[in-house]
Amino acid sequence: DDDILVGTQMITKGFDFGGVELVGVLNADNLLNNPEKALQANAERWEGYLTKILRTDMKPEYDRIAVKAVTTLISNWRTHRGGLLHEGIIPSHAVGYFVGFWAWDSWRFSAGTAKFDPELAKNNIRAMFDYQQPDGMIIDCIYTDPSENNARDSKPPLVCWAVDEIFTHTGDTAFVAEMYPQLLSYYKWWYEKRDHNRNGMCEYGATDGTLEAAAWESGMDNGVRFDDAVMQKNSEKAWSMNQENICLNSFLYVDKTILAEMATLLNKPELAAQLNAEAKVIKEFVQTKMWDKETGFFYDTRIDTGEHIKVMGAECWLPLWAGIATPEQAKQVMQKMMDPQKFNSTLPLGTLDISHPRLRPVRGYWRGPVWVDQVYFGITGLRNYGFDREADILTEKFINNAQGLTTDGPIHENYNPLTGEALNSPNFGWSSACIIKMLLDE
């Protein structure tokens, strides 16, 4: 593991063992011979987790899945070490190359752990902000060896949502005040470095001008909608794709509204008013420019022409999660989500319309497989607009058909939309975090 073993001694230097901080050098033999205190602390910690996540009004099998999700997140918990200055969560302990912290993974982990371990959630966020760049950028991923960090791109801005989730469960105004200047700096970075035509709508991009890194910045690395994108230079070490992204601007809309609420909390009324006014710009643009009346769906748009990039993907229901869509637009998106020929497949809400000719349901990564975060966003979006029956149908279908979820199988990175087969990394953290949100959000 990441602990340093020297003979029978373990160098801990502030490492956290089940909530009990041990400083200095601990003799492993003593711990093994006198385990009662550590075992008691461990039992109390897990009892605390379970008390916070189990629900008497939920199906027993759903409670079992929630416990599995918590266990997965905690098994991926790693202490601060080397260049990682705070504790945090890796994507999966079952995959050798997942040895660092990734930005949008971390935001999901923090939102998922806020309910049952808010201190871990806070430190998970702090770990990424330890490497915030002078211009405000939060880089893609960080490692124990900082020379390996990836600063070619950022990741979708979900951190304000994560901080808001922590505040919702803790009421910790001090943490909001601590993070606010850094959150605001990161928010401003998007508009300084990723708004090519300065119209208040942003694009995914890169510091090195490559489409590869720009696609990574979206988190949806090989999405079909990026197949024909080209890069445009904004300024030194700042490039954008030539398309304004429906998901990115939905995330930024939520960013603005949460930052405005935090500004009010911190007694900054003028800033709150400015952020709310900027949010209206996004809302109007998405409703009028990114909506296609012909197909009844939202899409990315080309910067120069405004042309819709008509690829039906999971990103297109983000305006429902963000609360941007009009009621009629939400209804039409819901109808596509419930269509068995598009998204209501054996395992519903995949990343690409299953009728699309470029669908790759097994080895496609973001070209069809079902990612649990997108399922969560979709189901939450439906609930936002009162489509609870449809949300319940899709939730139950997902839980019943995702391979291994209701049995003793691990939670996976993604799944085949046509069969429910588990794909890629097992013991996957952000899938677990989003399952917790899906099952426990009230």
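Where is the place of Pro-327 in this chain? Pro-327 sits in helix α12, which covers residues 327-337. Please keep in mind that this is a predicted model, in which local features need pLDDT of at least 70 and side-chain atom pairs count only at pLDDT 80 or more, while totals for chains, interfaces and linings use all residues. Residues are numbered from 1 along each chain as its sequence is written, and side-chain values use heavy atoms, with hydrogens and water left out. Helices (H or I, at least four residues) and strands (E, at least two) are DSSP runs, numbered from the N terminus.

- Pro-327 is exposed, with a relative accessible area of 62%. Here buried means under 20% relative accessible area, exposed over 50%, and partly exposed in between (1.4 Å probe, protein chains only).
- Between the C-alpha atoms of Pro-327 and Phe-129 there are 37 Å, and the two residues are 198 residues apart along the chain.

**Helix α5 with helix α7**

- Phe-129 also belongs to a helix contact: Lys-122, Ile-125, Arg-126 and Phe-129 in α5 meet Phe-175, Glu-178, Met-179, Gln-182 and Leu-183 in α7. Contact means heavy atoms within 4.5 Å.
- By class, this contact of α5 with α7 has five nonpolar, one polar and three charged residues. Ala, Val, Leu, Ile, Met, Phe, Trp, Tyr, Cys and Pro count as nonpolar, Asp, Glu, Lys and Arg as charged, and the others, Gly among them, as polar.
- The axes of α5 (residues 118-129) and α7 (residues 173-193) come within 12 Å and cross at roughly 25°, which makes α5 roughly parallel to α7. Axes are lines fitted to C-alpha atoms, for helices over the stretch in contact, and angles run from 0 to 180 degrees between N-to-C directions.
- Angles under 35 degrees count as roughly parallel, over 145 as roughly antiparallel, 65 to 115 as roughly perpendicular and the rest as oblique.
- The crossing of α5 and α7 is left-handed, a term used if the near helix is turned anticlockwise from the far one by less than a right angle, with right-handed used if clockwise.

**Helix α13 and its two partners**

- With α15 (residues 429-440), helix α13 (residues 372-384) has axes that come within 8 Å and cross at roughly 20°. The two helices are therefore roughly parallel to each other, and the crossing of α13 and α15 is left-handed.
- On the α13 side, this contact includes Val-372, Asp-373 and Tyr-376, and on the α15 side it includes Trp-430, Cys-434 and Met-438. By class, the contact of α13 with α15 has eight nonpolar, one polar and two charged residues.
- With α14 (residues 388-401), the axis of α13 comes within 8 Å and crosses at roughly 160°. That pair is therefore roughly antiparallel, and the crossing of α13 and α14 is left-handed.
- Leu-382 and Arg-383 of α13 are among the residues that make the contact with α14, as are Asp-388, Leu-394 and Phe-398 of α14. The residues of the contact of α13 with α14 divide into seven nonpolar, one polar and four charged.

**Sheet β10-β12-β11**

- Three strands form an open sheet in the order β10-β12-β11, with antiparallel pairing. Two strands pair if DSSP finds at least two bridges between them.
- At the edges are β10 (205-206) and β11, each of which pairs on one side only.
- Strands β11 (residues 231-235) and β12 (residues 238-241) share four bridges in the antiparallel sense, and Met-231 has Met-241 in β12 as its bridge partner.
- Two bridges join β10 and β12, again antiparallel, and Ala-206 stands opposite Trp-239 in β12.

**Sheet β17-β18-β19**

- Another open sheet has three strands in the order β17-β18-β19, with antiparallel pairing. Strands β17 (370-371) and β19 (422-426) stand at the edges, each with a single partner strand, so one side of each is left without a neighbour in the sheet.
- Strand β18 (residues 412-415) pairs with β19 over three bridges in the antiparallel sense, and Tyr-415 stands opposite Ala-422 in β19.

**Loop residues with positive phi**

- Most residues other than glycine have a negative phi.
- Lys-237 has a positive phi of about 60° although it is not a glycine. Lys-237 lies in the turn of the hairpin of β11 and β12, which has two residues between the strands, and Lys-237 is exposed at a relative accessible area of 59%.
- Asn-267, also not a glycine, has a positive phi of about 65°. Asn-267 lies in the loop between α9 (246-265) and α10 (269-289) and is exposed, with a relative accessible area of 64%.
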